[in-house]
Amino acid sequence: MHAMSDPAALAGMLPFDSIGLYEQPKPRFIFKMPRVVPDQKGKFESDDLFKRLSRESEQVRYTGYRDRPPEERQMRFQSGCREGHTEIAFTATGTNLQLVFDHTPYNNRGCDFQKESGKAHIVSRFIMNGVCVRWRGYIDLERLDGVGCLELDEERMAVEDAALRDQIDRYNQRLRDFEDKQRAYREHGEEQLRAHSHVHAQRCHQPRQPPHAAHPAHPHPPHPVHIKPHSQGALIS
């Protein structure tokens with residue numbers, strides 16, 4: 001009784017499911033939310049937000065540590081870039097981005113302080129609204145603002161498209177296998193029901209035997225009666 005009143009014990013309990021003793025358990029299908037949309041290029045070219053953010057003259061600014069002095073913000077921006085991350089926002093739309101980059105092939109060089117003096121050139125790849133994009137631009141190390149834009153990352157788009165098709169194919173195959181098993185299980189149940197109905201019908205059509213007599217007649221003849229002479233009468237044995 002103590003275990004049932006314990007919230008921790010209730011949290012670990014499985015929900016009750018009214019499954020019969022011989023009923024097959026219902027499989028659970030877990031379909032992960034796709035990372036990308038089916039037509040990434042079409043959405044990138046037609047979506048209004050992507051249209052605005054893909055202009056190369058779009059102004060951006062560093063948004064980290066707004067409550068700190070300018071000198072500290074400059075130091076923290078450069079420190080974050082060397083660690084592989086920074087926060088920016090598009091000035092016109094107010095769209096905030098968390099940029100992550102490093103020196104792996106997936107993110108190219110990431111951040112380059114040597115390309116142009118006094119500026120940090122950044123390249124960051126990510127998925128935004130189901131589309132593989134690449135942010136490319138620079139931030140002035142003193143003013144902490146700059147210029148940047150979004151580009152369609154066609155290389156990563158091809159990889160994610162292939163993963164999406166594989167995910168859909170595997171899900172459809174699992175669905176087909178489940179339907180085949182359900183069909184076979186249903187047909188087996190129908191066969192058992194028909195066999196049971198046939199046996200029951202045969203039992204109902206069998207002729208009934210007449211009931212046996214409660215006291216059947218004795219097959220042997222009765223014992224003979226012997227009469228012996230007696231002085232006072234006859235005795236019957």
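Visitor: How many residues does helix H5 have, and how far does H5 reach from its first C-alpha to its last?

Guide: In this predicted model, H5 is built from 14 residues and reaches 20 Å from its first C-alpha to its last, which is close to the 20 Å expected at 1.5 Å a residue.

Visitor: Which residues of H5 are buried, and how should I read their positions around the helix?

Guide: The general idea is that an α-helix has 3.6 residues a turn, so residues three or four places apart point the same way. In H5, the buried residues are Glu-72, Arg-73, Phe-77, Gly-80 and Cys-81. They cover an arc of only 165° around the axis, and therefore they lie on the same side of H5. On the other side of H5, Glu-71, Met-75 and Arg-82 are exposed.

Visitor: Which strands do the buried residues of H5 pack against?

Guide: These buried residues pack against E1, E2, E4, E5 and E6.

Visitor: What can be said about strand E7 and its pairing?

Guide: On one hand, E7 (residues 145-152) pairs with E1 (residues 59-62) in the antiparallel sense over three bridges, and Arg-61 has Asp-145 in E7 as its bridge partner. On the other hand, seven bridges join E7 to E6, and these two strands also run antiparallel; here Trp-135 has Leu-150 in E7 as its bridge partner. The hairpin of E6 and E7 has four residues between the strands, and in it Leu-144 takes a positive phi near 60°. Seven of the eight residues of E7 are buried, so this strand is largely enclosed by the rest of the structure.

Visitor: Is Arg-134, in strand E6, buried or exposed?

Guide: Arg-134 belongs to E6, which spans residues 131-140. Because its relative accessible area is 18%, Arg-134 counts as buried, the cut-off being under 20%. The side chain of Arg-134 makes a polar contact with the side chain of Asp-153 at 3.4 Å, and Arg-134 also touches other residues, including Val-123, Cys-149 and Leu-152.

Technical notes. Residues numbered from 1 in each chain as written. Predicted model: local features only at pLDDT ≥ 70, side-chain atom pairs only at ≥ 80, totals over all residues. Heavy atoms only, no water. Buried < 20%, exposed > 50% of the residue type's maximum accessible area, 1.4 Å probe, protein only. Polar contact = N/O pair within 3.5 Å; in protein donor to acceptor, adjacent residues only side chain to side chain. Contact = heavy atoms within 4.5 Å. Pairing = 2+ DSSP bridges. Expected span 1.5 Å × (residues − 1). Arc of directions from axis to C-beta.
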